[in-house]
Amino acid sequence: MTDAAEAIALETAPVPLLEPREGLPPVVADQSALDAVVTAFAAGTGPVAVDAERASGYRYGQRAYLIQLRRAGAGTALIDPIACPDLSALGAALAEVEWVVHAATQDLPCLAEVGMRPQRLFDTELAGRIAGFARVGLGPMTENVLGYSLAKEHSAVDWSTRPLPEPWLRYAALDVEVLVELRDALEAELAGQGKLDWALEEFASIAAAPRPAPRVDPWRRTSGLHKIRRRRQLAAVRELWQSRDKLAQERDVSPGRVLSDAAIVSAALAMPTNVAALQALQGFGPRVHRRQLELWLGALDRARAIPEAQLPPAAAPHEGPPPPRAWAEKDPVAAARLTGAKAAITELAERLKLPAENLITPELVRRVCWEPPAEPTAPALAGALRALGARRWQVELVAPVVAEAFATALEGPPASPQG
């Protein structure tokens with residue numbers, strides 16, 4: 001963010017956005033209303049603002065429960081994707097239109113599930129990061145850039161509720177009210193900073209990215225897993241997690257509402273052998289139905305019955321370099337390269353006024369530091385980073401400073417990386 005932009009943001013008090021300009025539109029919940037929206041948005045002009053509301057923390061998965069759109073000439077539309085689960089006709093009508101989305105990687109998967117995929121994209125959250133804004137949530141960005149304040153008190157409600165309360169719908173409609181205006185202001189800010197091409201390359205990469213592959217061993221993301229030391233206990237976490245996930249999916253509720261991560265870890269550490277012992281643990285108290293207690297006890301019994309050779313490994317299967325804390329012992333020269341590269345990238349990111357993780361993904365830095373090209377020149381490092389997936393603008397900025405850091409690291413004693 002430039003000094004001038006900061007000054008503008010500080011000089012004016014934000015104006016509250018309380019009502020959509022054309023009033024609150026009805027929720028589209030049948031085919032005829034959807035057909036009218038498709039026609040209207042196909043005839044609109046300019047970019048289309050798109051947002052989606054999920055029921056995170058309430059329902060299983062990340063499906064959309066409300067989709068909001070706004071386009072010049074078409075106004076605002078609020079669509080119920082449960083009543084209208086196939087929005088491919090709308091997606092086709094907007095195929096050649098630039099989509100304006102805030103934090104696109106969060107919304108694009110649930111939009112794809114209903115047949116909506118952008119070919120061109122402008123991500124206002126990522127644009128804010130690249131422009132150097134300290135706070136990049138939609139509320140702070142709208143306030144700092146446009147001078148409007150958005151109420152955010154309904155951001156974490158259960159959007160699977162039907163019918164949706166009018167205040168929630170108003171909140172949702174306002175989320176796309178000025179999104180295109182925000183996009184235009186950020187485009188100008190990025191152009192003024194000489195960063196617009198960087199942002200456009202990032203947006204194109206997001207729009208073209210394939211769907212992410214399913215996680216390997218998702219149960220290993222259980223909060224508190226670091227407390228588990230034995231492989232038998234890891235098996236218990238896995239069995240409990242999988243039983244919880246199956247039950248949560250059947251009930252269409254968030255897994256954390258079925259059984260908390262803390263309860264899973266507590267049971268895996270204690271390995272109780274009967275219902276009474278299980279009930280004594282936090283998260284399995286008297287309010288838990290006996291049928292559920294027996295389900296959890298069955299998971300623990302399965303973990304106890306697994307042959308030793310089939311227990312999950314202590315560490316997750318991992319591709320790429322080891323954790324940086326182990327580098328100093330395994331490869332002191334690589335450790336020195338990483339320390340120097342991280343310092344150089346941090347300095348460059350500060351000079352460019354953008355987060356270091358947006359300048360270059362830390363994982364790519366670790367990989368190229370662990371296995372550098374035979375001749376770690378700037379062109380060779382550029383090729384290596386491109387092969388790993390770094391964008392062209394990132395490579396052009398980062399490869400020279402990393403090459404210089406490597407040369408410096410080889411001249412002095414190796415240092416241990418911190419993180």
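A crossing of two helices is called left-handed if the near helix is turned anticlockwise from the far one by less than a right angle, and right-handed if clockwise. Helices (H or I, at least four residues) and strands (E, at least two) are DSSP runs numbered from the N terminus. The model is predicted, so that local features need pLDDT of at least 70 and side-chain atom pairs count only at pLDDT 80 or more, while totals for chains, interfaces and linings use all residues. Residues are numbered from 1 along each chain as its sequence is written, and side-chain values use heavy atoms, with hydrogens and water left out.

The protein chain contains 20 helices and eight strands. Its C-alpha trace spans about 65 × 65 × 40 Å along the principal axes. Of the 419 residues, 47% are buried (under 20% relative accessible area, with exposed over 50% and partly exposed in between; 1.4 Å probe, protein chains only). Among contacts (heavy atoms within 4.5 Å) with a separation of 6 or more, 68% join residues 24 or more positions apart.

Helix 10 (residues 231–251) passes helix 12 in a right-handed crossing. The two pack at an angle of about 140°, with axes 8 Å apart; axes are lines fitted to C-alpha atoms, for helices over the stretch in contact, and angles run from 0 to 180 degrees between N-to-C directions. The pair is therefore oblique, since angles under 35 degrees count as roughly parallel, over 145 as roughly antiparallel, 65 to 115 as roughly perpendicular and the rest as oblique. Helix 10 contributes Gln233, Ala236, Val237, Leu240, Trp241 and Arg244 to the contact, and helix 12 contributes Asp261, Ile264, Ala267, Ala268 and Leu269.

Glu239 also belongs to helix 10. This residue is buried, at 11% relative accessible area, and touches Ala299, Arg302, Ala303 and Ile306, not counting residues up to four places away in sequence.

In helix 18 (residues 362–370), the residues Leu364, Val365, Val368 and Cys369 are buried. Viewed down the helix axis, the buried residues of helix 18 fall within an arc of 130°, so they line one face; the arc is that of the directions from the axis to the C-beta atoms.

Backbone geometry was also examined in the loops. Met271, in the loop between helix 12 and helix 13, has a positive phi of about 50° although it is not a glycine. Met271 is buried, at 16% relative accessibility. Lys353, in the loop between helix 16 and helix 17, has a positive phi of about 60° and is partly exposed, at 47%. The peptide bond from Arg162 to Pro163 is cis, with omega near -5°.
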